[in-house]
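The following exercises are to be worked with the sequence and the structure in view. Each task is followed by a solution in steps.

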Amino acid sequence: MITWKDKYSMGISRIDDEHKKFIDIINKAIVAKEHNNNPEELKEVLHEITIFAVSHFSTEETFMIEFNYAEYHSHKKEHILFSNTIIEFFNKIIDGDYQIADKIVECLKQWLINHILLTDKKYVGCFKENGLHLLHNHKLPIILTKVQLVIIPLKHHSHIKRN
Ligand SMILES: [Fe+2]
């Protein structure tokens, strides 16, 4: 199981609280894997991660736009790639491939290490310069919460294992 560590902190409570939720979801994936890749649990994990991703990516991207963050586009691209990976996992589960629990857990862990610890850390300076760390329960401007997660349609399904 993964526990929250100080090194994961951005020093911005709004973002840290959301990242803590992400760790909770990784732990649910680990439990599903330990339960012999329980398909219902895996579907629940993917469902939760999808809802989390839409909301959390919207939070980050909204602040990036609001604060004119220079690396907005490359960061958003990583969000889109992650979302597409989750959709692929969903399709595999629907097709009865429950052996991908390992890959799901690995993907979520890698996201924590590579995205949160590296890519997300890059916006901390910009967000703090704009005072985000000084605010608690910072409300997003309504007009900007409409920033949507763009999902690129999957091109091929032929690689999906069918039982
Ligand atoms: Fe991010």
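Predicted model: local features only at pLDDT ≥ 70, side-chain atom pairs only at ≥ 80, totals over all residues.

**Exercise 1.** Determine how the reach of helix α1 compares with the expected span.

*Solution.* Step 1: α1 comprises residues 13-34, which is 22 residues. Step 2: at 1.5 Å a residue, the expected span is 32 Å. Step 3: from the first C-alpha to the last, α1 reaches 32 Å, close to that expectation.

**Exercise 2.** Identify the buried residues of α1 and state where around the axis they lie.

*Solution.* Step 1: a residue counts as buried if 20 or more other C-beta atoms lie within 10 Å of its own. The buried residues of α1 are I15, F22, I26, A29 and A32. Step 2: these residues cover an arc of only 115° around the axis, and therefore lie on the same side of α1. Step 3: an α-helix has 3.6 residues a turn, so residues three or four places apart point the same way. Step 4: the face turned away from the buried side carries the exposed residues D17, K20, K21 and D24. Step 5: the cover over the buried residues of α1 includes α2 (39-66) and α4 (101-119).

**Exercise 3.** Describe the largest nonpolar core and the place of A29 in it.

*Solution.* Step 1: the largest nonpolar core has 16 residues. Step 2: at least two residues of this core come from each of α1, α2, α3 (72-94) and α4. Step 3: α4 gives the most, with 5 residues. Step 4: A29 is among the residues with the most contacts inside the core, together with L42, V45, L46, I104 and L108. Step 5: when neighbours within four places in sequence are left aside, A29 is in contact with V45, I104, V105 and L108. Step 6: a second, separate core has 7 residues, including F63, M64, Y123 and F127.

**Exercise 4.** Examine N36 and N37: what is the phi of N36, what is the phi of N37, and is each residue buried or exposed?

*Solution.* Step 1: N36 lies in the loop between α1 and α2, and N37 is found in the loop between α1 and α2 as well. Step 2: the phi of N36 is near 55°, a positive value in a residue other than glycine. The phi of N37 is also near 55°, again positive in a residue other than glycine. Step 3: N36 is exposed, because 10 other C-beta atoms lie within 10 Å. Step 4: N37 is partly exposed, because 17 other C-beta atoms lie within 10 Å.

How values were computed:
Residues numbered from 1 in each chain as written. Helix = DSSP H or I, 4+ residues; strand = E, 2+ residues; numbered from the N terminus. Expected span 1.5 Å × (residues − 1). Buried ≥ 20, exposed ≤ 12 C-beta atoms within 10 Å, placed from the backbone. Arc of directions from axis to C-beta. Contact = placed C-beta atoms within 7 Å. Core = buried A, V, L, I, M, F, W, Y, C linked by C-beta atoms within 7 Å.
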